Amino acid sequence: MSHEALIAILLLSPLVGFILNGVRFRSSNYILAGSIATGAVFVSFICSVMLMIDLINAPVDQRRLAANFFEWIAVGGFKVNAGFVVDQISSIMILIITGVGSLIHLFSIGYMHHDKGVTKYFAYLNLFIFNMLILVLGDSLLTMFVGWEGVGLCSYLLIGFWFSDSAKAAAGMKAFITNRIGDAAFIIGMFILFFSFGTLNMFELNALAPTTVEASWMGAATLGTLMLFIGATGKSAQVPLYVWLPDAMAGPTPVSALIHAATMVTAGVYMIVRLNPMFVAAPNTMMVIAIVGAVTAVMAATIGLTQFDIKKVLAYSTVSQLGYMFLAVGVGAFGAGMMHLMTHAFFKALMFLGSGSVIHAMHEEQDIRKMGGLKKYLPITHFTFLMGWLAIIGFPLFSGFFSKDEILWQAYASPRGSVFLWIAGVAGALLTAFYMTRLMALTFWGGSRVPKSVHPHESPAIMTIPLIILAILSVIGGFIGVPHVIGEYLGHIPNYWADWLDPLIRKLPETGAPHTAAEEWGLMATSVSLALISAFTAYRIYTNNKGTNEQIAKAFGPVYNFVNNKYFVDEAYFAGIINPLVKQSQNLWMYIDVNFIDKTTHVISDMTKGAGSLARSFQTGNMQQYAMYIGLGVVVVLTFVLMR
Amino acid sequence: MLLSVVLFLPLVFAVILTVWPQKTTIRQLALGLSLIEFLASLVVLKNFDQASAALQMAEQYAWVPRFGISYFIGIDGISLMLIMLTTFLTPIIILGSWNSITDRVKGFHVALFVLQTAMMGSFLAMDAVLFYVFWELSLVPMYFIVGIWGGARRIYATIKFFIYTMAGSVLMLLAIIFLMRLTPEVTGGAVSASLLDFYKLQIPFVAGDFFTAQTLLFFAFALAFAIKVPLFPLHTWLPDAHVEAPTPGSVVLAGVMLKMGTFCYLRWVIPLFPEAAEYYAWFFVALGVIGIVYGALVAMVQPDVKKLVAYSSVSHMGYVILGIFVMNQYGVNGALYQMLNHGISTGALFLLIGMIYERTHSRMIVKYGGLASALPIFTIMFVIVTMSSIAVPLTNGFIGEFLILMGTYQYSPLAAGISVTGVILGAAYMLWMVKRVFFGPKGEIVTHAEEDKEHALHDLSVREWVVMTPLIILIFWMGIFPNHFMDYSKKSVDHLISNKHNYTLEVK
């Protein structure tokens with residue numbers, strides 16, 4: 001099959017699935033709905049695999065399969081096609097989206113089978129996949145933006161899926177509006193780039209990207225990329241726009257796995273990697289990205305320490321891990337950022353689905369204080385979750401280890417890196433190991449705190465099979481990109497990942513002396529051992545230790561309270577921005593529209609009326625009065641004439 | 001001949017309806033006739049040459065030869081789409097008002113058809129006096145539609161609407177007479193009211209001096225049109241008119257009438273007074289930007305859904321003014337597209353609000369809540385139209401808004417930076433409303449409907465499906481294939497942008 005046809009099927013299959021389920025959205029036949037939706041995504045997965053094979057077989061300089069379907073917008077010099085490209089970067093993304101997506105669809109059949117809106121749910125899920133594919137395959141920033149807003153819309157619909165709960169509907173709305181703030185900046189970024197470089201096609205932009213770095217903050221590449229990055233902070237939940245993601249956990253758990261962990265939230269990272277030559281030309285933007293990434297990684301991790309909702313812990317963990325990815329791309333380690341994007345997609349999707357399995361088993365209970373000792377009831381869920389845990393804390397040779405280690409190393413060794421970024425990264429790793437171990441201990445290990453009325457049970461095969469596959473990927477996924485020093489040590493394992501992406505990555509201008517392998521080993525040993533110590537500490541504190549939370553809360557006092565309340569960021573936004581805005585809008589309406597413009601109009605109309613009635617008052621129809629007016633007039637005129 | 005047929009058919013229909021003997025078949029007849037009119041306009045569309053910027057299908061007959069006044073009409077890429085919008089919306093309006101207009105059915109449809117001719121006349125007229133006649137004529141049926149079939153405060157609203165618009169038109173009439181007196185310069189002695197002769201005038205312009213001919217004439221016209229748009233701060237008649245108007249009245253008002261104002265900037269103001277328009281563009285850009293933000297903020301705090309949508313119109317029309325006055329290809333093409341979008345999506349919103357009002361007799365947001373579970377299809381339609389209104393990509397709204405912002409950025413990054421907040425605020429006021437009306441726990445109205453079988457809520461009827469489907473199709477069609485629509489107007493817009501200083505239209 002031609003690659004145009006493959007790309008068309010890849011894109012349209014989920015759309016067809018959406019329509020098939022969408023028109024019969026009232027049906028509660030979960031088998032049919034689930035089969036259509038899962039089948040649709042699986043077809044896309046097959047297409048992705050075939051495209052990947054084509055790509056691998058192509059010579060390195062021809063690894064770009066393009067399909068131009070029609071001209072979308074053409075006004076003056078501004079032309080955007082419905083054009084899609086599969087290359088080294090987007091091929092990885094479509095494999096993740098459709099692969100992990102298929103597994104999550106499969107899992108959803110089990111998870112959502114009792115829900116009345118199951119057909120609608122699967123329709124939305126397919127629509128999401130469609131938009132996500134447009135996002136990653138679009139060859140211009142504007143086609144990317146179509147998917148970018150489209151996934152936001154699906155996210156809105158799915159977060160507010162159980163819309164009769166006001167809080168859940170509000171969470172969906174919050175996600176959309178917060179994303180819109182980023183999107184507004186994204187739009188401005190597109191304008192800056194278009195009017196400076198004359199195109200929005202990303203391949204043309206990359207070719208036109210300045211080869212000398214811009215020192216100024218006001219350069220086109222710097223301002224343009226900075227605006228795009230603000231867009232990314234919305235979509236990818238970075239400081240200061242991350243606030244919607246924890247609330248987004250109101251949606252069904254597989255949605256959290258698919259949209260709010262594995263795919264949509266990584267769009268910002270993908271966008272930066274896609275446009276890496278432009279970002280490399282803008283060191284100031286890259287510095288901002290690295291700092292925002294590092295701050296987010298640490299800040300979200302600290303909040304994760306205090307949460308008791310199993311999904312909220314994972315949500316803050318996601319924010320934090322996304323921070324790592326931005327830290328990576330911010331120091332120019334685009335390959336490492338992409339690598340962490342992939343491994344994170346595996347292990348975080350795994351853990352979210354695992355948490356779904358737990359919630360399912362616990363009859364919709366999400367509070368980990370009411371769990372404990374679930375290991376013996378949910379052996380498969382526990383074992384697969386364990387693999388995810390080992391991956392995220394960076395246990396050597398698990399997938400997260402390779403990607404996280406590479407990011408930490410680059411944060412230190414890259415020409416755009418610094419020791420401070422490395423310290424922040426290690427702090428994040430330490431905290432991650434702690435809160436993830438705490439989550440494991442409170443949920444699966446130690447004594448049971450499960451209420452007597454609940455009888456936990458392992459989930460059916462349709463839910464555990466995706467867990468097992470994701471667990472395998474979380475364990476071995478890292479070997480595709482083994483860092484050089486480790487590869488050498490283990491016996492000349494090449495870094496397939498870096499070789500694959502290399503042709504599309506612009507090199508940073510080198511400065512200073514190269515770093516040594518010994519340095520790399522030393523830093524790696526430091527971060528790994530710190531993380532392991534942290535994990536062990538958490539294990540000791542939280543396993544079989546009742547009342548720990550109160551003790552910790554007491555020990556840290558106001559600091560704990562501050563962190564536990566998520567640094568009061570939501571409250572600050574409400575007090576500082578939203579409430580005043582609504583109040584002032586009320587005032588605008590009352591004072592400008594009602595009391596000023598309308599009052600003025602009424603005064604004018606009253607004056608007109610007044611003048612009219614004044615004129616009318618002379619016309620009484622009384623002959624004597626008229627005679628008097630005439631007489632007076634004659635007197636006035638005569639006086640005037642005679643006085644001259 | 002074709003163009004005259006399309007222009008006057010509705011008037012003929014009005015006469016037919018007046019003498020139609022049967023009371024019970026008025027609606028059916030009106031619907032059928034309006035569809036004939038739509039088909040006739042499709043013939044115009046088919047015969048239109050999109051590769052030409054000329055004035056096409058022009059017709060000119062002497063009317064008052066002594067003053068050079070003629071019956072002169074013609075169509076170009078700028079007016080074509082607005083004519084199509086008018087003929088497309090009319091059958092939808094008739095079908096949409098099937099149940100809401102129960103009193104004086106005949107009179108209502110007569111008024112509607114007269115209004116249709118009047119509105120199309122102001123798009124097609126190429127003679128200043130003829131234009132003025134149509135422009136003023138459009139006020140009369142609208143005055144009655146709001147005044148007779150409107151809500152409780154309909155008299156206040158309709159008089160406010162009438163007087164606001166009249167106040168603007170008076171200055172415009174003076175300006176037209178003044179321009180006619182100038183025409184002997186270019187016609188070789190005879191007075192003319194032809195717009196093509198007006199275009200030839202070189203009206204003296206002194207930068208910075210307000211009391212000079214071109215500047216004064218510019219503001220006389222601009223003011224009349226600004227009231228119609230309506231441009232901040234002349235907008236307060238609109239929320240009142242919308243709230244009091246019956247559903248079909250709101251749809252015509254938002255769908256077509258407001259565009260008469262913005263269209264006339266392109267047909268009259270910019271080509272007639274190019275220097276003044278350029279010199280004072282910043283002023284209108286500023287008002288447009290203020291309108292966008294102000295309309296959105298005020299919309300956010302409205303307790304009445306219809307008033308919310310009315311204020312959202314102020315915001316959306318601010319975008320249109322912005323696109324027109326940045327005077328580049330992106331802005332003007334976007335503005336023209338946004339006029340169509342606004343007609344479709346705001347028209348659809350008013351229709352939907354009308355449907356729910358017929359069921360519940362309330363438009364107060366606080367009384368709603370949880371409507372989505374009671375009326376799922378209605379909710380889906382409403383959310384789709386909302387997406388169009390807040391310009392989500394692949395809906396029509398996105399194309400217009402994006403192009404306008406792009407044109408604005410080229411004109412002034414600062415103005416683009418401020419008006420882009422409309423993208424955020426638009427999402428905020430619409431989604432907040434959607435959340436309060438459709439989501440959350442069941443509100444007063446839904447609970448009441450559930451308890452009382454007589455007032456049970458029914459989802460869309462077949463008729464309502466038929467009303468909404470064409471609109472929904474257009475929302476996506478225009479969003480995915482904008483070229484199918486924009487190709488008709490690109491040449492004319494291009495012609496206007498590049499030749500505004502000595503603008504003329506070739507007649508074909």
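Reply: Two residues are in contact if their C-beta atoms, placed from the backbone, lie within 7 Å. Keep in mind that this is a predicted model.

Next comes burial. A residue is buried if 20 or more other C-beta atoms lie within 10 Å of its own. By that count, 12 of the 16 residues of helix 10 of chain B are buried, so the helix is mostly covered. Among them are the phenylalanines B:F218, B:F221 and B:F225. The buried set also includes B:A220, B:A222, B:A224 and B:A226, as well as B:L217 and B:I227. B:Q214, B:T215 and B:K228 are buried too.

What lies over these residues? The cover of the buried residues of helix 10 of chain B includes helix 7 (154-182), helix 12 (247-272) and helix 13 (274-279) of chain B.

For a second case of helix packing in this chain, turn to helix 15 (residues 305-325) and helix 21 (residues 421-438) of chain B. Their axes are 12 Å apart and meet at an angle of about 170°. That angle makes helix 15 of chain B roughly antiparallel to helix 21 of chain B. On the side of helix 15 of chain B, the contact is made by B:V305, B:L308, B:S312 and B:S315. Helix 21 of chain B brings B:G422, B:G426, B:Y429, B:M433 and B:V437. Sorted by class, this contact has five nonpolar, four polar and no charged residues.

One residue of that contact can be followed further. B:S312 lies in helix 15 of chain B and counts as buried because it has 28 C-beta neighbours inside 10 Å. Leaving aside neighbours within four places in sequence, B:S312 is in contact with B:G295, B:A299, B:S389 and B:Y429. B:L297 is 15 residues from B:S312 in sequence, and their C-alpha atoms are 9.1 Å apart in space.

To return to the part asked about: helix 10 of chain B has 12 buried residues out of 16, and helix 7, helix 12 and helix 13 of chain B are among the elements that cover them.

Conventions:
Residues numbered from 1 in each chain as written. Chains lettered and ligands numbered in written order. Predicted model: local features only at pLDDT ≥ 70, side-chain atom pairs only at ≥ 80, totals over all residues. Axes fitted to C-alpha atoms, helices over the stretch in contact; angles between N-to-C directions. Helix = DSSP H or I, 4+ residues; strand = E, 2+ residues; numbered from the N terminus. Parallel < 35°, antiparallel > 145°, perpendicular 65-115°, else oblique. Nonpolar A, V, L, I, M, F, W, Y, C, P; charged D, E, K, R; others polar.
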